[in-house]
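Hi,

Here is the structure I promised to pass on. Have a look at it first, and my notes on what turned up follow below.

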Amino acid sequence: MEEKTEKKIRVRRYTEKDLPEMIRIWNEVVEEGIAFPQEECLDRETGKDFFDAQTYCGVAEDEKGRVLGLYILHPNNVGRCGHISNASYAVASEQRGRHIGEKLVRDCIRQAGLHGFRVLQFNAVVASNIHARHLYEKLGFRQLGVIPGGFRMKDGSYEDICPYCREV
């Protein structure tokens with residue numbers, strides 16, 4: 001029965017009606033303070049502006065249309081490096097462990113290619129985020145190195161970050 005439920009999760013382009021749940025999920029990760037570099041939460045206005053500014057935003061939804069997670073895709077740099085993209089992923093805490101992140105990353109890789117990017121790079125994967133790191137490696141990303149103390153945790157301590165990339 002569980003497998004059937006998992007297959008009913010689909011990833012699609014976000015619409016304005018998704019914004020309240022997207023903002024809630026995004027803010028949940030920001031408030032956890034262990035994965036995203038952002039410190040400020042989004043409200044309806046800043047959230048709309050933020051998500052509208054991305055190259056692409058995807059949402060994972062269940063068979064009832066509930067948003068379970070999301071990703072943002074955008075350029076990592078400009079000019080001669082503008083073919084390199086960057087992305088961030090957020091899954092609602094109550095939905096984690098259901099392979100939603102994998103569906104989001106797979107769709108993001110596809111969308112990166114469709115939007116003309118050649119590389120997908122993650123600049124700041126926190127070293128202790130072992131589930132994300134395992135997923136990225138499973139999907140063909142390679143770790144580029146370690147930036148010692150590159151992420152300030154919510155508690156004020158510093159943790160290493162591990163950049164990852166793969167061609168799309």
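**What I found**

Let's start with helix 2: its buried residues (buried meaning under 20% relative accessible area with a 1.4 Å probe, protein chains only) pack against helix 3 (44-52), strand 2 (56-61), strand 3 (67-75) and strand 4 (84-91). Packing here goes by contact, that is, heavy atoms within 4.5 Å. Helices (H or I, at least four residues) and strands (E, at least two) are DSSP runs, numbered from the N terminus.

Before going on, bear in mind that this is a predicted model, where local features need pLDDT of at least 70 and side-chain atom pairs count only at pLDDT 80 or more, while totals for chains, interfaces and linings use all residues. Residues are numbered from 1 along each chain as its sequence is written, and side-chain values use heavy atoms, with hydrogens and water left out.

The pLDDT (the predictor's confidence in each residue, from 0 to 100) has a mean of 95 for the protein, and 96% of the residues reach 70 or more. Over residues 1-5, though, it is below 50, and that stretch has two contacts in the model beyond near neighbours in sequence. Where pLDDT is low, the predicted coordinates should not be read in detail.

Back to helix 2, which covers residues 19-32. Among its buried residues are Leu19, Trp26 and Val29. Lys154 is in the loop between strand 7 (147-152) and strand 8, and it counts as exposed (over 50%) because its relative accessibility is 61%. Lys154 and Glu31 are 123 residues apart in sequence, yet 8.2 Å apart in space, C-alpha to C-alpha.

Next, the inside. A nonpolar core is a set of buried Ala, Val, Leu, Ile, Met, Phe, Trp, Tyr and Cys residues joined through side-chain atoms within 4.5 Å. The largest one has 26 residues, and Tyr89 and Phe122 are among those with the most contacts inside it. Helix 4 gives the most to this core, with six residues. A second, separate core of 18 residues includes Leu19, Trp26, Val29 and Leu42.

Tyr89 touches Phe122 and Tyr136, among others. Which element gives the most to the lining of the largest pocket? That is helix 5, with seven residues.

Cheers

Notes
The expected span of a helix is 1.5 Å times one less than its number of residues. Lists of a residue's contacts leave out its neighbours within four places in sequence.
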